[in-house]
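Here are a few worked exercises on aromatic ring pairs. Have a look at the model, then try each task before reading its solution.

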Amino acid sequence: MKKAIIEATILVGLGLISIIEGLRLGSRLRQPGFYDVVGPDRYAIGIGALLVISGIIYFLSQLRRRTVTNEPIAERGNEEKGMLFKVIGIVGILVLYAVLMPIVGYLLASIIFFLLVFKIFGVRSWRSNIIYSVVITAIYQVVFGNFLGVILPQGYIHITIPGF
Amino acid sequence: MGSFTIIDGFMNSLTLMNLWYCFLGCLLGTFVGVLPGLGPATTLSILLPLCIYLPPTGAIIMMAGLYYGAMYGGSTTSILVNIPGETASVITMLDGYQMTRNGRAGEALAIAAIGSFIAGIFGTIMIAIVGSWLAKYALRFGPPEYFGLIFFSLTMLITLSGGSLLKGITSGLVGIFLATVGVDPLTGSARFSYGIVSLMRGIEIIPLAVGIFGVGEILSNVELKVGRIYAGKLGRMIPRGAELRRGIFGSIQGTITGFVLGILPGVIPALTAFLAYDIERRLSRHPEKFGTGLIEGVAAPEAANNATAMAGFIPMVALGIPTTPVFAIMMATLMMHGLQPGPLLFQQNGQFIWTVIASMFIGNAILLILNLPLVGLWARLCLVPFKFLAPIVLAVSLVGVYAIRNTLFDVWVTIFFGVIGFIMKKANWPLAPMILGFLLGDLLEGALRQSLSASGGSPLIFFQRPISLALILFTVAVMVMTRFMKREALPPEEL
C-alpha cells in the first residue's frame with residue numbers, strides 16, 4: 001500500500017506542477033488579441049488535470065484491489081539483496097563521469113569512469129583494468145572525436161595528445 | 001515516367017564511382033545508425049560540406065545510402081543490448097531484445113535486414129511508378145487530419161500497456177507531459193524551464209529512450225546479477241520455415257503501413273514503426289505473446305521505418321517539400337548543385353532522378369549483402385560477459401547522447417531517466433507507453449492547437465473533415481473492440 005501511495009503522490013504531484021505552470025503562463029499570455037484558443041497554458045492545465053485524475057484513480061484501484069484480494073501485489077523475484085548497493089554505486093559513477101567531463105575533459109574522465117566501473121563490475125586485476133580503460137577510451141576518441149568529428153568536452157585541464 | 005528512363009538510370013548508377021558512393025553511404029549509415037545518439041540527420045549534416053566536392057548524382061546517392069543504412073543500423077543495438085540506435089528503432093527493442101535473450105539474436109538481426117530490404121525495394125518501385133500522384137494525396141492532410149491520426153496512434157497505449165491498462169495510459173500521459181518541457185513552438189513561451197537555459201531547449205527523445213531502456217536495463221541486469229545477456233548456445237542465424245514466413249508477412253504489413261503514412265509531412269519513422277507493431281499485434285492470433293520475442297514484432301517495425309525513409313523522398317522530389325530534417329538537408333545538397341526539387345525536376349533532369357531511383361534499388365541490395373553475413377558476428381555480442389559489455393555500452397550511450405546537441409544536459413537526462421527506468425521496471429510500470437506519449441506529445445499538441453485556432457475554438461472541425469472523422473470513428477471502434485476482447489481474457493482483479 002505504501003508503494004501505491006508513493007506512486008499516486010508522484011502522479012498527482014506531476015499533475016499539479018503542470019497545472020501551476022499552466023496558470024502561470026496563462027496570466028502572462030492571455031492578453032487581448034492572443035490568437036491561440038488552447039494555448040500552451042491550457043494545454044498544460046489539461047495534461048496536468050489528466051495526470052491528477054489518473055493518479056487518484058490509480059490509488060483507488062490499488063486500494064480496491066487490496067481490499068478484494070487482501071494480498072500484497074507481487075514484486076519481481078530473483079533480485080539479490082546487496083546488488084542494489086552495486087546499482088547505486090554504478091549510478092554514482094555515472095554521475096561522477098558527468099561531473100568530471102567538463103572539469104578534466106573527456107579523455108581523463110572516461111579513463112576514471114572505466115577504471116571505477118570495471119572494478120565495480122568485477123574486473124579484479126588493476127593492471128587489466130588500466131589497460132582496458134586506456135585502450136577503450138582511445139578507441140572512443142578515434143571513432144567519435146577523429147572519425148565522426150564529434151567535439152568532445154575538453155575540460156579546464158586540457159590534455160593534448162599528439163595525433164588526437 | 002517511362003521504362004526507357006529507368007533503364008538509363010540503371011546504366012548510370014552501375015558505374016564504378018556511383019556504386020562506390022552507394023556502398024560508402026550504406027556502410028557509413030549502418031555504422032552511424034548503430035551508435036546511439038548519432039541519427040541520420042546529425043550525420044548528414046556532418047557530411048554536407050563533403051558533398052560540395054562530389055558530383056550531384058554521387059552526393060545524393062551517398063546521402064540516400066547513408067539514410068536507409070542508418071535506419072537499418074539503429075536496429076542492431078536495439079536488438080542486441082536494448083539501446084535504440086536511433087528513434088525509429090525504439091519499438092524494435094520490445095521483441096528484438098527478447099529474441100536475443102532467448103538465444104535468437106541472429107534471426108532477429110536477419111529479419112530486420114530482410115524486412116528493411118523488402119521495404120526498400122517496395123518503396124523504390126512506388127517512387128518510380130506513382131511518385132508524384134502519391135505526393136498530391138499527402139497535401140490533403142491538414143492539422144485536423146493529423147489530429148485524427150495521432151488520436152488513432154494513442155490506441156497503441158492499449159497495446160503497449162501489458163497487464164495494466166491504467167498504468168499504460170498513465171505512463172503515456174507522463175510521456176506527453178515530458179514533451180511539453182521547453183519552448184512552445186507556436187508562441188515561443190518557455191514551459192517548465194524555471195530560468196534554466198538547458199530546460200528551455202526541451203528534452204530530446206534519444207537521451208530519454210537510451211536512459212529509460214538502455215541504462216535502466218543495465219541497472220536491472222546488475223541487480224539480477226546477469227552474467228551474460230544470453231548464456232547458452234546461439235540458435236540459427238537466419239530464420240527458416242514458419243518463422244521466416246511470419247517475418248516476411250510482418251515485413252509486408254510494415255512496409256505498407258510505413259510507406260502510406262511516410263509520405264505525410266511530419267510523420268517520422270518512429271511513429272510508423274510503432275503503428276506497424278500495433279497493427280501486427282492486432283492481426284496476430286496470439287497478441288499476448290508480443291513482447292516475449294516474436295519475429296514479426298521485429299519485422300513489422302523495421303520494415304515500416306525503412307518504408308517511411310523511402311516514402312519521404314516522394315514529397316521532396318515531386319513537390320519540393322522536405323518532410324523531415326533529413327530531407328531538408330538532402331534538398332540543401334540538391335540546391336547547392338543548382339537543382340531545384342519540385343515537379344520540374346523530373347522533366348528537366350530526368351536522367352538524374354532515374355539514376356538516383358535506380359541506385360536506391362542497388363543500395364538496398366548492398367545493404368542486405370553487407371549486413372546478412374555480419375549477423376553471426378553481431379549476434380555473438382550477446383555472449384560477451386556482462387562485466388565487459390555493460391561499461392562499454394554505458395560509455396557509448398553517454399557519448400552518443402552528448403553528440404546530439406553537444407550539451408552535458410542530455411547526459412544528465414540519460415542518467416536521470418536511467419534511474420527512472422530502473423525504478424519503473426522494479427515497480428512493474430510499462431516503459432514503452434511513456435516513449436510513445438513523448439513521441440506523440442508534440443505532434444498532438446500542434447495538431448490540436450492549430451485545428452482549434454483555425455475553427456475559432458470549435459471542436460466540430462474534427463468531425464467536419466472526412467479523413468479526420470473517419471480516423472476518429474475508427475479509433476473509437478478499435479478501442480471498444482480491444483477493451484471488449486481484453487475484458488473477456490483477463491481475470492476480474494486485473495480490470
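**Ring pairs, step by step**

A cluster joined by ring pairs takes in A:Y97, A:F113, A:F114, A:F118, A:Y132, A:Y140 and B:F388. The model is predicted, so local features need pLDDT of at least 70 and side-chain atom pairs count only at pLDDT 80 or more, while totals for chains, interfaces and linings use all residues. Residues are numbered from 1 along each chain as its sequence is written, chains are lettered from A in the order in which they are written, and side-chain values use heavy atoms, with hydrogens and water left out.

**Exercise 1.** Find how many aromatic pairs the structure holds over all chains, then classify B:F122 and B:F259.

*Solution.*
- Rings of Phe, Tyr and Trp (its six-membered ring) pair if their centres lie within 6.5 Å; planes under 30 degrees apart are stacked, over 60 edge-to-face, the rest tilted.
- Over all chains, the count is 17 aromatic pairs.
- For B:F122 and B:F259, the centres are 5.6 Å apart and the planes at 85 degrees, so call it edge-to-face.
- B:F122 sits in helix α6 (residues 105–138) of chain B and B:F259 in helix α12 (residues 241–262) of chain B, so the pair ties together parts 137 residues apart in sequence.
- Helices are DSSP runs (H or I, at least four residues), numbered from the N terminus.

**Exercise 2.** Work out whether B:F122 and B:F259 are buried or partly exposed.

*Solution.*
- Buried means under 20% relative accessible area, exposed over 50%, partly exposed in between (1.4 Å probe, protein chains only).
- B:F122 has 30%, so it's partly exposed.
- B:F259 has 3%, so it's buried.

How values were computed
Helices (H or I, at least four residues) and strands (E, at least two) are DSSP runs, numbered from the N terminus.
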